[in-house]
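Reader: Please take one part of this model and go through it closely. I would like to hear about the pockets and what lines them.

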Amino acid sequence: LAVYVRYIDDSGMAVGDTATAQAILKQIISKHPTIRFELETPDAEFLTVLDIKLKIEGNGKVSQKLYAKPANKGITLHAQSHHPTTVKSAMIANEYQRVRNNSTTGYTHTSTRAITHKLNSNGYSASVVQRATTKK
């Protein structure tokens, strides 16, 4: 077992091959009838972990970008909500902080565009987003 991580009700591990992963999964599931786990393997390039897609490059480095599940409707705190402006500004700043924290250089632009689109779809103008992201 190369890596094991856990976050609330999600866990992940990296093993050498699919057969090893399936054996570990079978052993875990056999411990109790109500335990449910799924084995996720990388698609053509990426492995999804929580809201991040990971890719192991040819040189062994890991690249990552933000990911939204297909069920994600892109809904966030709407610009017209009656929350204080400070709350909305903090939410916008935190969305872009997620991009900085969870996207490697090659994917930052794509992730930023996705967040900008989500905010625009929820009523935030470019000027409001700009103000929220340039505050110190």
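**The second largest pocket and its surroundings**

Author: Strand S5 (62–66) and helix H3 (108–121) each give at least two residues to the lining of the second largest pocket. This is a predicted model. H3 contributes seven residues, the largest share of that lining. The space in the second largest pocket comes to about 300 Å³. It is lined by 14 residues, and those closest to its centre are Tyr67, Ala68, Ala114, Ile115 and Lys118. By class, the lining of the second largest pocket holds five nonpolar, six polar and three charged residues.

An α-helix has 3.6 residues a turn, so residues three or four places apart point the same way. Helix H2 (residues 85–102) has 18 residues and spans 26 Å from its first C-alpha to its last, close to the 26 Å expected at 1.5 Å a residue.

The largest pocket has about 1,400 Å³ of space. Of its 38 lining residues, Ser11, Gly12, Met13, Leu47 and Val49 are the closest to its centre. Strand S4 (52–56) supplies at least two residues of this lining, as do strand S1 (3–7), strand S2 (10–14), helix H1 (18–29) and strand S3 (47–49). The lining of the largest pocket is made up of 22 nonpolar, six polar and ten charged residues.

Terms used: Residues numbered from 1 in each chain as written. Predicted model: local features only at pLDDT ≥ 70, side-chain atom pairs only at ≥ 80, totals over all residues. Heavy atoms only, no water. 1 Å grid on protein atoms, 1.4 Å probe; cavity = no way out; pocket = protein on both sides within 12 Å on 5 of 7 lines; lining within 4 Å. Points joined across faces, edges and corners; volume = space filled by probe spheres on them. Helix = DSSP H or I, 4+ residues; strand = E, 2+ residues; numbered from the N terminus. Nonpolar A, V, L, I, M, F, W, Y, C, P; charged D, E, K, R; others polar. Expected span 1.5 Å × (residues − 1).
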